[in-house]
Amino acid sequence: MAAMVLAATRLLRGSGSWGRSRPRFGDPAYRRFSSAGAYPSIPLSSPLPGVPKPVFATVDGQEKFETKVTTLDNGLRVASQNKFGQFCTVGILINSGSRYEAKYLSGIAHFLEKLAFSSTERFDSKDEILLTLEKHGGICDCQTSRDTTMYAVSADSKGLDTVVGLLADVVLHPRLTDEEIEMARMAVQFELEDLNMRPDPEPLLTEMVHEAAYRENTVGLRRFCPAENIGKMDREVLHAYLRNYYTPDRMVLAGVGVEHARLVECARKHLLGTCPPWGTGAAVHVDRSVAQYTGGIVKLERDMSNVSLGPTPFPELTHIMIGLESCSFLDGDFIPFAVLNMMMGGGGSFSAGGPGKGMFTRLYLNVLNRHHWMYNATSYHHSYEDTGLLCIHASADPRQVREMVEIVTREFVLMAGTVDVVELERAKTQLTSMLMMNLEARPVIFEDVGRQVLATRSRKLPHELCALIRDVKPEDIKRVASKMLRGKPAVAALGDLSELPTYEHVQTALASRDGRLPRACRLFR
C-alpha cells in the first residue's frame, strides 16, 4: 500500500521514473503556464504578465437595464434592450392574428405563418434567405398567436444591417407565389391532421375553451385555419388582409443585444418609405372590437381508445377544460392572477411529483395526490390586451368524468377561500424565480420587449414586476378569485362524454359554497 501511495505521489508531482520518461507531463520546467513553474512568485490576486486584459460586461447605473423606444415618422416603433454577448435577436412584431379575422376568411394568420421567410423582391427563394442568414450564424422563425404575429432572427451582431434588411423584405415584400401558397396549403393540412391525432389534447382543448368563452368574437375566433378554407386562400385574399394590418403603426422592430442608435439607423434605412405590393393606402377595415366574454360549452365526442398505439398504448381518457374570465395583462389584477395560477400549478401524474415539478401546488396536493385515477390536472392563465382566461385542464377515465368535474369545480370555489401564507409565499417565490430564469434567455427577452412595447409603448422592467409580485397579499388572491367566480364558466370537453354533467350543473356547482354538483349528477349519493 505504501509503495502505491508513493508511486501516485510521484506521478502527481511530476517526479520519479514516470516523470522522467514522459517529460511532456513531468517536470514543471516543461510546463510553461504551470503556477509552480513560469510564475512562481505571482499571487492569484494579481494578473499574469503578457496575458490579454479580459473584457467584462459592465452596468453603469440603472439606465443600462432600461428598454429604449424610438418612434419613426411612419409610426413604427423601434425598441432595444442592452445585453452583453456576440449574438443578437432582432424581429418585427405586428398587431395581427386570428382575433382580427372577423371580416376576412378565417385562417389567414395561420397561412401567413407558413408563408414566412419565403421568396421576396430581393431573395428568389427560402434557400437564399437561409444561406444569407448562415453567413452570420443566423436562424429565423415566425410565430402567430391570437393577437400577435412575430418574425424573428438570431444572428451575429455584426450582421445587424443585413438582418434588418432581410426582415423588412420578408414582412413587407413577400412574393406569395402560387407554388408557395400550394406548399402552405399542404403544411396547414398536415398541421390540422396532427392536431387531431396527437395524444396530447392541450392545444385542441385550448382552442375549444376559447371558442366557448368568446363565442364568435375576437380571441374566440379560430387560430387554426378551418379545413374548408384551405382551398380558398389565394394572393388576393392575403393582400386584402395585409393591406389593413401590416402597416407601420401596428409594428414594433425589437432588438436584444444591439445598440439602440444602430438599430434605429437600420430601421430608417430599410423600413421608412417602402412600398409593399399591396399598396400604402390608409387602412379602412381594421377590427378594433373589444373581447366580449360569453361563456358556454364546446363538446367534441371522439373515440380516444386508439390515440396512441404501440406495445404500451396510452389509456383511453376523457379531457375537460373549465375556464373563467380573469383580466387583461394591462389590468392591476394581472399579477395577483399570475400568482393564483402559480399557486394552483399541477401537472401530469408522471411529472407532478418530481423535484421542483410543482409537488406543493394545490392541484398536486388536493387532486393528483388524493385521486390516483386522475391522469392530469393543470392550471393555465391566458391573458390578452382586453381580457383573460384562467383554466384548469383535467384528464381521467371516461367512467369517472362526473367525479373529475366535481373535483375541478371544488378547486375553483376553494380559490376564494382561505389562503395559507406559506403557500402564497411559495407561489410568489416560484413565480419570481420562473420570471427571472426565463429572462436570462435572449429570445425570451426579445419577445417580452416586443410584446410590451407593442401593447403599451413602454416596458416594465423585471425588478418592477418582482416588486409587484412581492406586494400580493392573501386578500388580493381572495378578491380576484371571488370576482372571477361571479362569471359564467367556459367548458371544453373531448373524448367519451356519456358521463359529462350538463353545463347548467357545472355553473350551479361553481356558484355554490362547496363546489359540489347537484345530486342528480353525483356518484354514489
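What share of the 525 residues in the protein is buried? Buried residues make up 49% of them, where buried means under 20% relative accessible area, exposed means over 50%, and partly exposed is in between (1.4 Å probe, protein chains only).

Some notes from going through the model:

1. Ground rules. This is a predicted model, where local features need pLDDT of at least 70 and side-chain atom pairs count only at pLDDT 80 or more, while totals for chains, interfaces and linings use all residues. Residues are numbered from 1 along each chain as its sequence is written, and side-chain values use heavy atoms, with hydrogens and water left out.

2. Confidence. pLDDT is the predictor's confidence in each residue, on a scale from 0 to 100. The mean for the protein is 88, and 87% of its residues reach 70 or more. Residues 1-26 are another matter: pLDDT there is below 50, and the stretch has 12 contacts in the model beyond near neighbours in sequence (contact means heavy atoms within 4.5 Å). Over residues 352-356 the pLDDT also stays under 50, with 9 contacts beyond four places in sequence. Where pLDDT is low, the predicted coordinates should not be read in detail.

3. Overall build. The secondary structure comes to 17 helices and 12 strands; these are DSSP runs numbered from the N terminus, with helices (H or I) of at least four residues and strands (E) of at least two. Among contacts between residues at least 6 apart in sequence, 77% join residues at least 24 apart.

4. The cores. A nonpolar core here is a set of buried Ala, Val, Leu, Ile, Met, Phe, Trp, Tyr and Cys residues joined through side-chain atoms within 4.5 Å. The largest one has 75 residues, and Val90, Phe111, Phe117, Tyr151, Leu238, Tyr246 and Leu253 touch the most other members. Helix H5 gives the largest share of this core, 9 residues. Apart from it lies another core, of 52 residues, among them Cys327, Met342, Val405 and Ala416. As for Phe111, its partners beyond four places in sequence include Ile181, Val188, Cys225 and Leu238.

5. Val171. This residue sits in helix H5 (residues 160-172) and is buried, with a relative accessible area of 1%. Leaving aside neighbours within four places in sequence, Val171 is in contact with Ile92, Ile94, Tyr151, Tyr246, Met251 and Trp278. Val171 and Leu112 are 59 residues apart in sequence and 9.9 Å apart in space, C-alpha to C-alpha.

6. Aromatic pairs. Rings of Phe, Tyr and Trp (its six-membered ring) pair if their centres lie within 6.5 Å; planes under 30 degrees apart count as stacked, over 60 as edge-to-face and the rest as tilted. By this rule there are 8 aromatic pairs. Take Tyr104 and Tyr241: their ring centres are 5.4 Å apart and their planes are at 85 degrees, so this pair is edge-to-face. Tyr104 lies in the loop between strand S3 (87-94) and helix H3 (108-115) and Tyr241 in helix H8 (residues 235-245), so the pair ties together parts 137 residues apart in sequence. Both Tyr104 and Tyr241 are buried.

7. A second pair. Tyr246 and Trp278 are also edge-to-face, at 6.4 Å centre to centre with 90 degrees between the planes. Tyr246 is in the loop between H8 and strand S6 (251-256), Trp278 in the loop between helix H9 (260-271) and strand S7 (296-301), 32 residues apart. Tyr246 is buried at 3% relative accessible area, and Trp278 is buried at 5%.

8. A tyrosine cluster with arginines. Ring pairs link Tyr100, Tyr104, Tyr241 and Tyr245 into a cluster. Arg99 lies over the face of Tyr100 at 5.7 Å from the ring centre, and Arg250 lies over the face of Tyr100 at 5.0 Å. A charge counts as over a ring if NZ of Lys or CZ of Arg is within 6 Å of the ring centre and within 35 degrees of the ring normal.

9. Cysteines. A search of the whole structure finds 0 disulfides, taking a disulfide as a pair of cysteine sulfur atoms within 2.5 Å. For Cys266, the nearest cysteine sulfur, that of Cys88, is 9.7 Å away. Cys266 is buried, with a relative accessible area of 4%.

10. Most residues other than glycine have a negative phi, and most peptide bonds are trans. Glu216 has a positive phi of about 60 degrees, and phi of Thr218 is near 40 degrees. Glu216 is in the loop between helix H7 (202-213) and H8, and Thr218 is found in the loop between H7 and H8. Glu216 is exposed at 70% relative accessible area, whereas Thr218 is buried at 4%.
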